Amino acid sequence: KYSITGLPTSVAVEGEKGETITTEGRDVVGEFGAAGFPFTDARLEECKKEKEAKKSKALAEMGPLSFIGPLTKVSDIEIEMSAQDVLSSSETVALAFMAGSNDRGTSVVLPKLLDCQSTLGKDKLGVILIPLVKMESFGEDLKKKLGDTAMVKPGERADEIVKKFEVVSSDIEAPCVIVLSRNADNSFKLLADDASRDIYFKGAAGFPWSVEALSALKEKEEAAKKALKAQQKDLEFLST
């Protein structure tokens, strides 16, 4: 009845009539706990909005994020840069928590993020690397691609930044990409608490990888599919 393919699975049903409320009970209870009750789509949507509002408030309370600096460059760690200069030079900023070339997630997501920056332009998308391991773990090819990308020096400062951002994106592990935009008061707005998966699969088309941007992209893709299907009358494209 419920097409169970793995354990554990939790299904929530309406008590009187037994109608299915959700087959994703494990995920929603894990994410929202009792606050998600009765686990209907409407209540879960409210929970998501409440959760995002709390994250945004926590981020706004961090102010201009001055604790991120001073920064350096991947290509020359002797250079020191102001975090505010870097954060204010782009419309949006991606904080990239990465773990080196041997980490499979980092090795595919970080180059994709840099490709997105190349496509969109640095004035539109800034990238700050927050290495969770020593720089020796980043291969020469990846370092070359990073070039003059702004970076937090690895070590204790990187660990401190991870702890501060756990109120925005809990259990930060590489690869994790937090995407921010600047408010008028120099605080920051949260666009995505971890865009790494969407960056890899959607690329620059999903920028800035917020819920709204991804929803708009999905609608665009669905419309394109419908238009394509409309042109494929009676499978005529197979006639040759």
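Contact here means heavy atoms within 4.5 Å. Keep that in mind.

This is a predicted model, so local features need pLDDT of at least 70, side-chain atom pairs count only at pLDDT 80 or more, and totals for chains, interfaces and linings use all residues. Residues are numbered from 1 along each chain as its sequence is written, and side-chain values use heavy atoms, with hydrogens and water left out.

Start with threonine 149. It sits in the loop between helix H5 (140-146) and S7. Helices (H or I, at least four residues) and strands (E, at least two) are DSSP runs, numbered from the N terminus. Is threonine 149 buried or exposed? Threonine 149 is buried, at a relative accessible area of 8%. Buried means under 20%, exposed over 50%, partly exposed in between (1.4 Å probe, protein chains only). Beyond its neighbours within four places in sequence, threonine 149 contacts Thr72, Lys73, Val74, Leu114, Val127 and Leu129.

Now the sheet. It is open, with seven strands in the order S4-S3-S7-S6-S5-S8-S9, and the pairing is mixed. Two strands pair if DSSP finds at least two bridges between them. The edge strands, S4 (76-81) and S9 (188-192), each pair on one side only. S6 (residues 125-131) and S7 (residues 150-151) run parallel, over two bridges. Leucine 129 has methionine 151 in S7 as its bridge partner.

Last stop: isoleucine 172. Where does isoleucine 172 lie? In the loop between helix H6 (156-165) and strand S8 (176-182). Isoleucine 172 is buried, with a relative accessible area of 10%. Leaving out residues up to four places away in sequence, isoleucine 172 touches Phe97, Val162, Phe165, Glu166 and Ile178.
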